[in-house]
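Let's take a walk through a protein model together. Have a look at the sequence and the 3D view before reading on.

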Amino acid sequence: MPSLPFRDVDELDDRLSEPTPAVVEMFGRLQGDLLCLGAGGKMGLALAVMARRACAAAGSAARVIAVTRFSNSEQRERNERRGVETLPCNLLDAEQDPAVRAVLIAGKPAHMHYKSIPGVVYTWP
């Protein structure tokens, strides 16, 4: 079996989450914090960590918050070890706090629980 170009999963995560100069520049212009919905999967972790690293490289104090079920504690710990805050939440549960009722599932159109989010103006549907 050929050897892999990475020593371990942490090194792979570091490479996948390394922001390009353009990403750092974009996050330098971003105002406010970033909330990443569904960030517990493989790509979600890398993207949330990339955002955190880009903010740091740009000198931004923006918080990066990963929201997902975190079905296992390792996912949550890996985010937190890399400076990403976590908010465990089942995005499919309509009984959740109104602030987290927006649902985004990778590969599917966004779905909103329109009747359960008060005080928001919708332009569609």
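What follows goes from the overall layout to the core, and then to some charged residues and cysteines.

First, some ground rules. This is a predicted model, so to speak of local features a pLDDT of at least 70 is needed, side-chain atom pairs count only at pLDDT 80 or more, and totals for chains, interfaces and linings use all residues. Residues are numbered from 1 along each chain as its sequence is written, and side-chain values use heavy atoms, with hydrogens and water left out.

Start with the big picture. The protein chain has four helices and three strands; helices (H or I, at least four residues) and strands (E, at least two) are DSSP runs, numbered from the N terminus. Reading from the N terminus, the order is α-α-β-α-β-α-β. Of the 125 residues in the protein chain, 31% are buried. Here "buried" means under 20% relative accessible area, "exposed" means over 50%, and "partly exposed" is in between (1.4 Å probe, protein chains only). The accessible surface of the protein chain is about 8,600 Å², and carbon and sulfur atoms hold 58% of that; the areas come from the Shrake-Rupley method with a 1.4 Å probe, and for residues only the protein chains shown count as cover. As for contacts (heavy atoms within 4.5 Å), among those in the protein chain between residues at least 6 apart in sequence, 48% join residues at least 24 apart.

Now for the inside. In soluble globular proteins, nonpolar side chains tend to be buried together. A nonpolar core is a set of buried Ala, Val, Leu, Ile, Met, Phe, Trp, Tyr and Cys residues joined through side-chain atoms within 4.5 Å. The largest one here has 15 residues, and Ala48, Val64 and Val84 touch the most other members. At least two residues each are supplied by α2 (21-29), α3 and β2, with α3 giving the largest share, six residues.

Are they joined, or apart? The structure holds zero disulfides (pairs of cysteine sulfur atoms within 2.5 Å). The sulfur of Cys55 is 9.3 Å from the closest cysteine sulfur, in Cys36, which is too far for a bond.

Next, find Pro19, in the loop between α1 and α2. Pro19 counts as buried, at 17% relative accessibility. The C-alpha atoms of Pro19 and Met50 are 5.5 Å apart, although 31 residues separate the two along the chain. Apart from neighbours within four places in sequence, Pro19 is in contact with Val24, Met50, Arg53 and Ala54.

On to the charges. How many salt bridges are there? By the rule used here, a side-chain nitrogen of Lys or Arg within 4 Å of a carboxyl oxygen of Asp or Glu, the count is eight. One of them joins the side chains of Asp13 and Arg78, at 2.1 Å from N to O. Asp13 sits in helix α1 (residues 9-16) and Arg78 in helix α4 (residues 73-81), so this pair ties together parts that are 65 residues apart in sequence. Asp13 is buried at 11% relative accessibility, and Arg78 is buried at 16%. Asp13 also meets Arg82 in a salt bridge, at 3.6 Å from N to O. Because Arg82 lies in the loop between α4 and β3 (85-88), this pair links parts 69 residues apart in sequence. Asp10, Asp13, Arg78 and Arg82 are linked in a network of salt bridges.

Another salt bridge pairs Arg63 with Glu85, at 2.8 Å from N to O. Arg63 lies in the loop between α3 and β2 (64-68) and Glu85 in strand β3, so parts 22 residues apart in sequence are tied together. Arg63 is partly exposed at 39% relative accessibility, as is Glu85 at 34%.

Finally, turn to Arg52, in helix α3 (residues 42-58). Arg52 is buried yet has no salt bridge, and the nearest side chain of opposite charge, Glu85, is 6.9 Å away; Lys and Arg count as positive and Asp and Glu as negative, while His and the chain ends are not counted. Beyond neighbours within four places in sequence, Arg52 is in contact with Ser60, Ala62, Arg63, Val64, Arg82, Gly83 and Val84.
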